[in-house]
Amino acid sequence: MVTDMEVDTNGEDDSKGGMWALEQKIDQPMDEEAGRLKNMYREKKFSAILLLRLAFQSLGVVYGDLGTSPLYVFYNTFPKGIDDTEDIIGALSLIIYSLTLVPLIKYVFIVCRANDNGQGGTFALYSLLCRHAKVSTIPNQHRTDEELTTYSRTTIHENSFAAKTKRWLEGHVFKRNALLLLVLVGTCMAIGDGILTPAISVLSASGGIKIDHPGMSTDVVIVVSVIILLGLFSLQHYGPDKVGWLFAPIVLIWFLLIGGIGIFNIWKYDTGVLRAFSPVYIYHYFARRGKNGWTSLGGIMLSITGTEALFADLAHFPLSAIQLAFTVVVFPCLLLAYSGQAAYLMQNKEHVYDAFYRSIPESIYWPMFVIATLAAIVASQATISATFSIIKQANALGCFPRVKVIHTSSKFLGQIYIPDINWILMVLCIIVTAGFKNQSQIGNAYGTAVVIVMLATTFIMILIMLLVWRCHWILVFIFAALSLIVECTYFSAVLFKIDQGGWVPLVIAAVFLLIMYIWHYGTVKRYEFEMHSKISMAWILGLGPSLGLVRVPGVGLVYTELASGVPHIFSHFITNLPAIHSVVVFVCVKYLPVYTVPEDERFLVKRIGPKNFHMFRCVARYGYKDLHKKDDEFEKKLFDNLFMFVRLESMMEGGSDSDEYSVYGQQTRRSKDFLLPDTNNNTFSSVVDLTVSSGDSIVPAKSSYHVNNSGMSSGQVSSHTEVDEMEFLTGCRDAGVVHIMGNTVVRARRDSPFYKKICIDYVYAFLRKICRENSVIFNVPHESLLNVGQVFYV
């Protein structure tokens, strides 16, 4: 069943999704209960012993990538060798202050505080902004979403600098699109990290084989690296939970060993390297080396890689544990490791190409090689897991095609596996490893990806500090100035390496960015089409209770993008078929800019039209971190909430004057909009169950009728009505449930530019064809599925 329709969706929807008002009120305020619920999602206070244990566990998940940087930093800083040993001191000084300014001060103590209820990453920052300003490009939010316990938001004074920033950001659609593009660029570069981190970490660790066998071919190292990568990606479907208990001990041993070896090398070779803690040697370094010193920053940059993965993996542990682990273990051990390598190079500058392994005492070389390889695998695992999480967040926010998501742990919901993405990452990672064959070019690519992600985070953090934290503009300026000076300096350095491998993450990011933007564009246009083409409720009411058709036993679940109004597919359905189900439920599944929606707040239910129409609306709300696997009980949960709504509706009719009801967890509120006092009888009349969406408000339909509660015992009436309707709904459900889903095909107009036709008619159409259907996600039986097709042109 397909129809063609051409609509102009270029206009911006002024309603911003606020056309459906779900007014709620209860007899007794539940602020205290809601406060207790909300506190469940705030960071808890931990005992000292528990905090130490969590800090220990965070080493294996959060710091693997950052901790393996000593494997390759000095080699990528001096790819042509060291001319003057004083350059080693200057490079070490740059490493020390880079680690201090970026991971320690900026990320661990500032950026990580901008988490979304414990969730980190670029999309978490974007979700915070979407809650504090109307910057979401899909306007499907409503004020009832703000009542969620996880929808934390601060109020902004109208005349404050934050309010001015908010109005500026909301002022034009171009600014919202630019913000989304910035988020997508940062996300795509983070995906590039998921490809380059395993390549450079495993290749650098495997390179230790050649130290004991100098005549060994580089191809052997490549083969060993590829075998390790194949094993790493092939075991992803088991999830880190199976071997995760090994990660933290491995990384802790790694940090202690590199720190201990660093102390040994400083004592044995040159204690004078400690003068690198003076920043004056940075000036001398650039003065001596000039342009070569500037371009070497691309290698220095690798000392802070893994910092973005630190922020993306924030969800696994409380912030205090991550801060403790970094300041007590990670930071000092990294400083000692780099200082020890610098001390060794002061007397062995010709060994810069494999400084890490050369600086290891011979007696512990092979145990250290094993630990280094394991640490590289752990670091790779952390970035791969972070990539899966990023893809899932992008999926939930409408920026990536729906893909199969497998949850590998019943204990830790954040541990997921995405088969399609896993194999794509594996192929690209092996191509990068086998194609470049050396650390230098991969390092250049890696540095380019990392610095662009950091720049994107800085720009988003400026808005966070203004809108969410409402910091004074001077503090925002200081943060922005220091961050941009450091990161733009690094960025200018990696630009010199574009032709030496730096182009790789740009190409990877460009491909993913194209996919994400085209998918998001198609998603927005489909939503705008639904908004513009929805049918009038008055037309439905004019058809009468039978809708002009034969009402057959059963329940029809009509899935729609809309949280308000009647979708066009419904009119297309009833005008082409002679019958419709006795009960019709419009189901809207939407994702909100929150990390999760509690199960008892997930469904909102409302009646549409008079009771004898037997039409309802149900909105199922999810956060970007909620389960996205097959929901075997979705239908059962929906009917449970529908029955709960009918019971509460009958009870409220018997004891109050409500005309409209919603199920918000187990709370209901009564509407004040249509409360009409009858001064003659000292009773109340109420407009019953007949409302029509109009703009941003709910207005009573013309055919509304009044019930005077003084004629009969309201309790008897409501009880009788409840039993009758419950029996009717149960009988219809037992007769059969049909899931009616719209299959909207988007095509470019004939007069569209050539590039638009390619993007819409081929790229977007292909993505729609391979993406996972909602019927699979909600476990809809094939025999109960009915697709209603329609075509529209943009």
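# Close-up views of a predicted model

**View 1. Helix α6 is mostly covered, with 11 of its 11 residues buried.** Buried here means under 20% relative accessible area, while exposed means over 50% and partly exposed is in between, using a 1.4 Å probe and protein chains only. The buried residues of α6 are Thr122, Phe123, Ala124, Leu125, Tyr126, Ser127, Leu128, Leu129, Cys130, Arg131 and His132. This is a predicted model, in which local features need pLDDT of at least 70 and side-chain atom pairs count only at pLDDT 80 or more, whereas totals for chains, interfaces and linings use all residues. Residues are numbered from 1 along each chain as its sequence is written, and side-chain values use heavy atoms, with hydrogens and water left out.

**View 2. The protein chain has 28 helices and 14 strands.** Helices (H or I, at least four residues) and strands (E, at least two) are DSSP runs, numbered from the N terminus. Of the 794 residues in the chain, 58% are buried. Contact means heavy atoms within 4.5 Å. Among the contacts with a separation of 6 or more, 83% are between residues 24 or more positions apart.

**View 3. The largest nonpolar core holds 162 residues.** A nonpolar core is a set of buried Ala, Val, Leu, Ile, Met, Phe, Trp, Tyr and Cys residues joined through side-chain atoms within 4.5 Å. Tyr63, Phe74, Trp254, Phe255, Phe356, Tyr357 and Ile464 touch the most other members. Helix α16 (residues 319-347) gives the largest share of this core, 18 residues. Let us stop at Tyr357: leaving out residues up to four places away in sequence, Tyr357 touches Leu71, Ser204, Ala205, Gly207, Gly208, Ile211, Tyr365, Phe369 and Ala372. A second, separate core has 25 residues, including Val555, Val585, Leu638 and Met741.

**View 4. Leu425 sits in helix α19 (residues 419-436).** With a relative accessible area of 1%, Leu425 is buried. Leu425 and Leu196 are 229 residues apart along the chain, and their C-alpha atoms are separated by 9.4 Å. Which residues is Leu425 in contact with, leaving aside neighbours within four places in sequence? They are Ile191, Ile195, Phe233, Thr387 and Phe388.

**View 5. The largest cavity holds about 220 Å³ of space.** On a 1 Å grid over the protein atoms alone, a cavity is a set of points where a 1.4 Å probe fits but cannot get out, and lining residues have an atom within 4 Å of a point. Grid points are joined across faces, edges and corners, and a volume is the space filled by probe spheres set on the points. The structure has five cavities of 30 Å³ or more. Of the 22 residues that line the largest cavity, Ala190, Glu308, Ala309, Ala312 and Ile390 lie nearest its centre. Two or more lining residues come from each of α6 (122-132), α8 (173-206), α15 (307-312), α18 (365-396) and α20 (439-467). The largest share, six residues, belongs to α18. The lining divides into nine nonpolar, 10 polar and three charged residues; Ala, Val, Leu, Ile, Met, Phe, Trp, Tyr, Cys and Pro count as nonpolar, Asp, Glu, Lys and Arg as charged, and the others, Gly among them, as polar.

**View 6. The second largest cavity holds about 60 Å³ of space.** Its lining is made of Ile258, Ile261, Gly262, Asn265, Ala337, Gln341, Phe356, Ser359, Ile360 and Met368. Helices α11 (244-268) and α16 each give two or more residues to this lining, and α11 gives the most, with four. Six of the lining residues are nonpolar, four are polar and none is charged.

**View 7. Cys130 is in no disulfide.** A disulfide is a pair of cysteine sulfur atoms within 2.5 Å, and by this rule the count comes to zero. The nearest cysteine sulfur to that of Cys130 belongs to Cys399, 9.3 Å away. Cys130 is buried, at a relative accessible area of 8%.

**View 8. Arg470 and His614 have a positive phi.** Most residues other than glycine have a negative phi. For Arg470, phi is about 55°; Arg470 lies in the loop between α20 and α21 (473-495) and is partly exposed, at 42% relative accessible area. For His614, phi is near 55°. His614 lies in the loop between β6 (603-608) and β7 (615-622) and counts as buried, at 18% relative accessibility.

Note on methods:
1 Å grid on protein atoms, 1.4 Å probe; cavity = no way out; pocket = protein on both sides within 12 Å on 5 of 7 lines; lining within 4 Å.
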